[in-house]
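User: I would like to learn how to read the packing features of a helical model, starting with its aromatic rings. Could you take me through them one at a time?

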Amino acid sequence: MVRQDKRGETEPVVPEDVDQRYALAVELLGGALARLAAAYEADPAERQDLVQDIHLQLWRSLKSFDGRCSLRTWVYRVAYNVAADHVGRARRRKGMIGLNQSEAEIAADPRPSPEMEVSDRLALAQMVPIEKTKKDAPSWRTMSGRADYA
């Protein structure tokens, strides 16, 4: 069954049953959800996990779908939110150290610790004023033979 929305475009009538809503959403937008997941995740195994998470959250969220927006908008918003959370979790996970890692593996990590990054930034911030004052200060070459610097 199809109905027209406010703009005159046709959209399917959304069933009352959550399982039927989910089936309709997957039928209409399943391929788009897979493409969205592929855009956010390059690793095939992680991508499959992301698609599964999107479908799970979509099914859970359809209980509260009230029709104030189109089903398509709802599905894309849920998928986007799940994908954004996935990327955030992956970034946090990337910087974590496992309990089973040895000290040598941790020391071999080429990324500096957050503490080292802050320390380096503070040291650089202090060096910039020194460099500026060095440029403005006369060197020993300009001072040689001039009595006004004595």
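Analyst: Gladly; in this predicted model, the count of aromatic pairs comes to two. Y40 and Y80 form an edge-to-face pair, with 6.4 Å from centre to centre and 70° between the planes.

User: Which parts does the pair of Y40 and Y80 tie together?

Analyst: Y40 belongs to helix 1 and Y80 to helix 3, so the pair ties together parts that lie 40 residues apart in sequence. Y40 is partly exposed, at a relative accessible area of 32%, and Y80 is also partly exposed, at 38%. The pair formed by F65 and W74 is edge-to-face, at 5.3 Å centre to centre and 75° between the planes, and F65 is buried, with a relative accessible area of 7%.

User: How should I read the packing of helix 1 and helix 3, and at what angle do they pack?

Analyst: In general, two packed helices are described by the angle between their axes and by the distance between those axes. Here helix 1 (residues 18–40) and helix 3 (residues 71–94) pack at about 35°, with their axes 10 Å apart, and their crossing is right-handed. Among the residues that make the contact are L29, L33 and Y40 of helix 1 and V75, Y76 and Y80 of helix 3; by class, the contact has 14 nonpolar, no polar and two charged residues.

User: Which residues touch the most other members of the largest nonpolar core?

Analyst: Of its 20 residues, those are L33, L50, I54, L58, L62, L71 and V75. Helix 1, helix 2 (44–61) and helix 3 each supply at least two residues of this core, and helix 1 gives the most, with seven. Setting aside neighbours within four places in sequence, V75 is in contact with A25, L29, L33 and L58.

Key
Residues are numbered from 1 along each chain as its sequence is written. This is a predicted model: local features need pLDDT of at least 70, side-chain atom pairs count only at pLDDT 80 or more; totals for chains, interfaces and linings use all residues. Side-chain values use heavy atoms; hydrogens and water are left out. Axes are lines fitted to C-alpha atoms, for helices over the stretch in contact, and angles run from 0 to 180 degrees between N-to-C directions. Helices (H or I, at least four residues) and strands (E, at least two) are DSSP runs, numbered from the N terminus. A crossing is left-handed if the near helix is turned anticlockwise from the far one by less than a right angle, and right-handed if clockwise. Contact means heavy atoms within 4.5 Å. Ala, Val, Leu, Ile, Met, Phe, Trp, Tyr, Cys and Pro count as nonpolar, Asp, Glu, Lys and Arg as charged, and the others, Gly among them, as polar. A nonpolar core is a set of buried Ala, Val, Leu, Ile, Met, Phe, Trp, Tyr and Cys residues joined through side-chain atoms within 4.5 Å. Buried means under 20% relative accessible area, exposed over 50%, partly exposed in between (1.4 Å probe, protein chains only). Rings of Phe, Tyr and Trp (its six-membered ring) pair if their centres lie within 6.5 Å; planes under 30 degrees apart count as stacked, over 60 as edge-to-face and the rest as tilted.
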